[in-house]
Amino acid sequence: MNTAENQALAQAIIHHHGATFAAQAPDGQIDHVQLTAQPVPPALRSEPAYLAALQACSALGFIAVDAETLAQAWQRQAERSNQFDATHWPDDPRDFGLAGTDPAQAFARCPRELGLYGVLPTAEWVGRMARAGVPTVQLRFKSDDRAAVAREVKAAVAAVEGTDARLFINDHWQAALDAGAYGVHVGQEDLDLIGHRDLETIRTSGTRLGVSTHGYAEMVRAHAVQPSYIALGAVFPTTLKKMATAPQGLARLAAYVRLMQQYPLVAIGGISADLFPAVRATGVGSVAVVRALVNAPDPEAAAAHLLERMKA
C-alpha cells in the first residue's frame with residue numbers, strides 16, 4: 001500500500017472520530033480543553049493500519065507515546081477482525097495487551113464505586129471530610145521531613161476511625177503501611193522510584209494501591225502492576241500542579257473508561273460541581289476533587305452538595 005492510500009486511511013479515522021475528540025463541553029460549546037495536532041512519531045512498523053492510525057492519532061492531538069500505543073492497538077484490531085474499520089475506535093483490552101495477567105499478583109481489591117474522592121492537604125482536613133460523609137479520602141501531605149510525614153499519616157489514620165471513609169496516602173507508602181492506612185496512591189514517576197521489591201511489599205501487606213494515569217501508554221503501564229484502582233486525568237485544566245500532558249477532556253475520558261472497565265476508575269482534574277453529571281456519564285465510579293472542598297466557604301455543605309451531584 002502506498003503513501004497516498006495510507007493517508008486515505010488516516011483521513012478516514014479523522015473523519016469518523018475528529019468531532020468526538022474535539023473537546024466539546026457538556027453544553028455543546030467548545031470548552032477550554034484545547035487538543036492540538038502533534039508531530040507524528042517515527043514509525044516502528046510498516047503495516048497500513050498501524051501507519052494510518054499513527055498519523056491520525058497524532059493529528060487528533062495524542063502525544064507520541066499515546067499515538068504509538070493506539071496505532072499498535074489499531075493494527076491488532078485489524079488483524080483480529082481481518083479488516084480495517086475506521087469507525088471503531090480501539091477499546092478491546094486484548095488489542096492493548098491488557099490480558100493474560102495473574103490475578104494472584106494483583107493488589108487488594110477496593111469497591112468499583114469509590115464515590116466522591118476528596119484529595120486533602122492535612123490530617124485535620126481528612127478527618128473533617130470523613131465526618132462529613134465523603135466515602136474516599138486521600139492525604140496529600142507534602143514534606144521532606146520523615147518524622148512530620150509519619151506523624152501526619154498516623155493522625156490521618158486516627159482521624160477516619162469511627163467513619164466509613166477509605167483513606168489513601170499519597171506517595172508516602174512506608175508511613176502508610178506503618179500506620180495501617182487503607183491504601184496508597186502513587187503517580188507514574190513513583191512506580192520507578194518505588195521499584196519492584198517495595199511494590200511487592202505493599203501488595204503482600206494487603207494495602208490497596210491507586211495509580212495516576214494521563215493517557216493510553218500510562219494506563220497500559222499501570223495495568224502491568226495490577227493496582228486496586230486507576231485514576232484518569234487531568235480531565236480539565238487544573239492549577240494545583242504542573243501537568244506534563246494536556247487536559248484530556250470528556251471524550252478521551254469516555255474512551256479510557258471503555259478500555260479500562262476491569263478496574264475501579266477515578267476521574268480527577270479541574271472537575272467542578274456542574275461537571276459532575278457529564279463526568280459520571282462516562283462510566284467512572286469516582287470523581288476526585290481538591291479545590292471544590294478545601295476552597296469552599298462551607299466545606300461540609302460543599303461535601304453534601306457534591307455527594308448529591310454524584311447521584312445525578
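Here are legends for a handful of close-up views of this predicted model.

The model is a prediction, with local features taken at pLDDT of at least 70, side-chain atom pairs counted at pLDDT 80 or more, and totals for chains, interfaces and linings using all residues. Residues are numbered from 1 along each chain as its sequence is written, and side-chain values use heavy atoms, leaving out hydrogens and water.

**View 1. Eight strands close into a barrel.**
The strands follow the order E1-E2-E3-E4-E5-E6-E7-E8 and pair in parallel. Neighbouring strands here are turned by 25° against each other on average, ignoring direction; the axes are lines fitted to C-alpha atoms, and angles run from 0 to 180 degrees between N-to-C directions. Strands are DSSP runs of E with at least two residues, helices are runs of H or I with at least four, and both are numbered from the N terminus. Two strands count as paired if DSSP finds at least two bridges between them.

**View 2. Strand E1 meets strand E8.**
E1 (residues 115–120) and E8 (residues 286–289) run parallel and are joined by four bridges. Look for Gly118, which sits opposite Val289 in E8. In general, strands of a sheet pair through backbone hydrogen bonds, either parallel or antiparallel.

**View 3. Thr213 in strand E5.**
Thr213 belongs to E5 (residues 208–213). Thr213 counts as buried because its relative accessible area is 2%; buried means under 20%, exposed over 50%, and partly exposed in between, using a 1.4 Å probe and protein chains only. The Thr213 side chain gets to 2.7 Å from the backbone oxygen of Ala231. Leaving aside residues up to four places away in sequence, Thr213 touches several others, including Gln188, Glu218, Met219 and Leu232; contact means heavy atoms within 4.5 Å.

**View 4. Helix H4 and its packing partners.**
Within H4 (residues 123–131), the buried residues include Trp125, Val126 and Met129. The buried residues of H4 pack against E1, strand E2 (136–139), strand E3 (166–170) and helices including H5 (146–159) and H12 (299–309). Just past H4, Gly133 has a positive phi of about 100°.

Cys57 is buried because its relative accessibility is 0%, and Cys110 is buried at 11%. The whole structure has zero disulfides, a disulfide being a pair of cysteine sulfur atoms within 2.5 Å.

**View 5. Residues 28–32, with pLDDT under 50.**
Over this stretch the model has nine contacts beyond four places in sequence. pLDDT is the predictor's confidence in each residue, from 0 to 100. Where pLDDT is low, the predicted coordinates should not be read in detail. For the chain, the mean pLDDT is 93, and 94% of residues reach 70 or more.

Definitions and conventions: A polar contact is a pair of N or O atoms within 3.5 Å; within protein, one must be able to donate a hydrogen and the other to accept it, and residues adjacent in sequence count only if both atoms are side-chain atoms.
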